[in-house]
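Subject: Structure for your review

Dear colleague,

Please find below the structure that I am handing over to you.

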Amino acid sequence: MSRIPRQIVIETNNTCNLKCLSCPSVDGSIDKYGKGYMDFNFFKSIIDRVEKEKMNTSITLCLNGEALLHPQYFDMAKYITDKGLPWYVTTNTTIWNEELFQMVTEINSCYQIVLSNNGLFTPNSMAIEKCMPGIQRNKSKKNIESFFKLKESKGNNIQAGIKICRRGQDQEELEHLISYWLEAGADFVTIGRILTDCNNGMRMFPCRHFDDMAMYVRYDGNVVPCSFNLHMTNEHAMDMGKLNETESIIKFYNKHEYQQLRFKHYTGEFPWPCNQCAIAYTGDGMEGEMHFRNLKLSQKTIYFHDDYSNTFYSYHPKKTRVSHLRDWQPDEEIINWVKKSGMDLNFEYKTGGR
Ligand code: SF4
């Protein structure tokens with residue numbers, strides 16, 4: 001009956017050295033929340049509990065901000081690696097952390113690194129600097145190429161990919177970019193969606209983020225249902241409470257607030273901001289094979305996988321750590337459990353911030 005999160009998403013810090021278009025660090029919502037760095041002892045307590053509670057859960061070591069700016073990022077990564085837990089990270093390619101990159105290409109604990117970059121490194125492309133103000137394109141290019149070289153020299157299994165968010169680039173630039181990076185050694189290229197229009201309520205299916213996909217822990221211990229909606233993440237539209245250093249993570253993930261949100265979604269009631277959310281985790285995705293129509297681009301078969309927010313392109317079917325497929329019909333077990341528990345179904349989430 002207990003839900004176990006497949007991932008724990010940890011906000012090591014929410015500070016950043018760039019001002020990317022459509023990022024919460026630009027619209028001020030992170031400033032309003034408050035910026036900070038997770039305490040290392042609190043971080044260790046989360047990892048210790050994941051291990052102790054045998055959750056078979058992977059760790060995502062980034063949420064808002066550029067994670068590699070945390071002064072103890074290597075220590076955090078090493079702590080997870082030493083425990084043998086699977087983890088992954090996304091970075092904006094501005095920082096070369098030799099110690100970290102040597103470790104992740106030697107030990108198969110970090111199973112994936114996503115290198116964010118938003119345009120072609122050709123003189124006539126303006127996308128990189130326009131999408132990621134503050135970036136130095138030569139440094140970014142050198143960091144990406146150096147990482148691919150390092151990974152190749154070690155023969156390591158880590159999946160290294162490039163991620164681009166659609167921020168107004170030409171479709172032709174995106175096509176060239178996928179072809180270029182797959183030829184240059186990327187295991188995959190991801191095109192992500194950024195949704196800013198969340199004002200039209202068209203919701204129909206329950207969202208999986210807080211169901212059993214992930215638990216999102218902010219740098220200060222506050223827990224939120226998802227990291228895909230600024231009202232949820234930075235304004236705490238629904239407060240799941242603060243995780244302390246000792247309580248069971250599984251118990252926390254099955255507490256009243258979580259169960260009630262699951263119940264509401266399963267029964268078709270989507271409280272704000274879920275009712276207006278256009279990037280809820282629904283659907284099982286689509287996958288297949290494709291070819292570029294432009295004969296100047298790679299003519300190899302490309303596998304794609306498309307889900308609620310990203311499309312992945314790769315020369316081999318993309319490996320996923322766990323299958324996300326399951327029967328997503330309303331979960332009678334949860335509905336009956338909530339009914340029997342006598343839970344107050346009119347319970348209101350604490351709203352309006354911290
Ligand atoms: S429906 Fe949207 S706002 Fe609600 S939890 Fe899912 S992603 Fe977050």
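In which helix is confidence lowest, and in which is it highest? The mean is lowest in helix α13 (residues 332-341), at 64, and highest in helix α3 (residues 40-52), at 98. Confidence here is pLDDT, the predictor's value for each residue from 0 to 100. Helices (H or I, at least four residues) and strands (E, at least two) are DSSP runs, numbered from the N terminus.

This is a predicted model, in which local features need pLDDT of at least 70 and side-chain atom pairs count only at pLDDT 80 or more, while totals for chains, interfaces and linings use all residues. Residues are numbered from 1 along each chain as its sequence is written.

The protein has a mean pLDDT of 89, with 88% of its residues at 70 or more. Over residues 349-354 pLDDT stays under 50, and the model has ten contacts for them beyond four places in sequence. Two residues are in contact if their C-beta atoms, placed from the backbone, lie within 7 Å.

The protein contains 13 helices and eleven strands. Among contacts with a separation of 6 or more, 74% join residues 24 or more positions apart.

The largest nonpolar core comprises 73 residues, and Ile10, Leu61, Ile113, Val189, Tyr216 and Val217 have the most contacts inside it. Such a core is a set of buried Ala, Val, Leu, Ile, Met, Phe, Trp, Tyr and Cys residues joined through C-beta atoms within 7 Å. Helix α8 (residues 171-183) gives the most to this core, with five residues. Apart from this core lies another, of six residues, including Cys20 and Ile135.

Around the ligand there are 13 residues, of which Cys207, Cys226, Cys274, Cys277 and Ala280 come nearest; a residue is near if its C-beta atom, placed from the backbone, lies within 6 Å of the molecule.

In helix α12 (residues 256-266), the buried residues are Tyr258, Gln260, Leu261, Arg262, Phe263 and His265. Gly268, which follows α12, has a positive phi, near 85 degrees. Ile279 lies in the loop between α12 and β9 (286-290). Ile279 counts as partly exposed because it has 16 C-beta neighbours inside 10 Å. Its C-alpha atom is 6.5 Å from that of Tyr308, 29 residues away along the chain.

Yours sincerely

Notes: A residue is buried if 20 or more other C-beta atoms lie within 10 Å of its own, exposed if 12 or fewer, and partly exposed in between; C-beta atoms are placed from the backbone.
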